[in-house]
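Subject: Handover of a structure and findings

Dear colleague,

Please find below the structure that I am handing over to you. My notes on it follow.

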Amino acid sequence: MRRMTACALALCVFLCGSAKAAPATLMWAQDGGSVLAAQDGKDTTAWTGKPGVRLTLWSEQPMRALCLRWMVLPEEPRFAALVEGVWTDVPAPGARELWHLRLPLPEGATMVRVQDGAALGVSEMVPLYEDDPAQQAFAPPAEQADILIFAAHPDDDLLYFGGTIPLYARERGYAVQTVFLTNPSRLRLSEALAGQWTAGGAHCPVFGPFSDRRTFTAQECAADWGREKALAYLVENLRRFRPQAVLSHDPKGEYGHGAHMLLAQLLPEAAEAAADPSAYPDSAGVFGAWDTPKLYLHLYERNRIVMDWSVALPSMGGRTAIEVAREAYKCHVSQQGAGMDVRDRGIYSSTKFGLVRTSVGPDKLGGDFLENIPGKGSAP
């Protein structure tokens, strides 16, 4: 076995004496440096290394899985496990898009190596010795979404789209994909992932490149983000995820947020452009064109439907979709105390939507985002 650095020995003492860390584990980096931050229980701290550097974790007890939380998404992540003295590559499909990765390990694995072709940033690196359902195990972003939620900020997916994730993703097993337009802090990113996991989300959400700055009009937000850049981003994600139904914000911005307003303004235009192979040829060349069957906006005043989030969900232990969404919103710890909650009545009710665009006909029954989608939703 490789000789341990002073850093590794210090970490062994730290971990063996810590109730929070797994027993008899230690880590070291190829080029030394402090690695304590990768097991301090905080997503906001991290061990970072140069391109190609290795971070290694060793355990006296064989591990079943390794939970990784990235500070920076890897570009070329590679993993290997030591089993009975032999290093074996461990495949991790989709790892470069999973902020929180649960890596299953071959039986008998006592060491794990992690490296990346780019600079490596690991917020948490925790071994699992038995199954732990509390540890997030997202699938990569959906290859094709039944429902695609465009939310301006982390927590909007729950506040304004209510029980969508519990009902459609967990209870009915549909592919529900969320795209957050803004690039949040590491804290808010972690809260968003915890909220999605608690709500029953299966696919890791995508976080966009745009700033999280309070604006009061769509025009102000368009100037901040770049209207053309934002429109191209929406078109690209419509083509990438090929959704049956799209959900997004109130044209009035719910409580008057310019980013919400801009999304509501741009999405009908983006849906038209996504269906035109000559528009935005870069994303068309990668994903092809896509004609979105249904587009809903929160609180839109025409072609109204009202969702029922009060139905008990067997998959959630009999809790209702609104109850699950409210519990998930509590994961956004930094946002508590602002007077916001997931509501099913009142001015910002998460139950009210309007159908803006359809290629499958109008809703007649209502109460189902996938109505008229063959093999998916209700039909009159």
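This is a predicted model: local features need pLDDT of at least 70, side-chain atom pairs count only at pLDDT 80 or more; totals for chains, interfaces and linings use all residues.

How many disulfides does the structure hold? The structure holds zero disulfides, a disulfide being a pair of cysteine sulfur atoms within 2.5 Å.

Residues are numbered from 1 along each chain as its sequence is written, and side-chain values use heavy atoms, with hydrogens and water left out.

Strand S7

Strand S7 covers residues 120-128. Strands (E, at least two residues) and helices (H or I, at least four) are DSSP runs, numbered from the N terminus. Eight of the nine residues of S7 are buried, so the strand is largely enclosed by the rest of the structure. Here, buried means under 20% relative accessible area, exposed over 50%, and partly exposed in between (1.4 Å probe, protein chains only).

S7 pairs with strand S3 (residues 54-70) in the antiparallel sense, over six bridges; two strands pair if DSSP finds at least two bridges between them. Within this pairing, Ala-65 has Leu-128 of S7 as its bridge partner. Strand S2 (residues 47-49) also runs antiparallel to S7 and is joined to it by three bridges. There, Thr-48 stands opposite Gly-121.

Loop residues

Arg-242 sits in the loop between helix H6 (227-241) and strand S11 (245-248). Its phi is near 45°, a positive value in a residue other than glycine, and its relative accessibility of 30% makes it partly exposed. A positive phi, near 50°, is also found at Tyr-280, which lies in the loop between helix H7 (258-274) and helix H8 (281-287). Tyr-280 is partly exposed, at a relative accessible area of 22%.

Gly-201 belongs to the loop between helix H4 (186-199) and strand S10 (206-210) and counts as buried, at 7% relative accessibility. Leaving aside neighbours within four places in sequence, Gly-201 is in contact (heavy atoms within 4.5 Å) with Phe-138, Ile-165 and Gln-196. The C-alpha atoms of Gly-201 and Pro-166 are separated by 7.3 Å, although the two are 35 residues apart along the chain.

Yours sincerely
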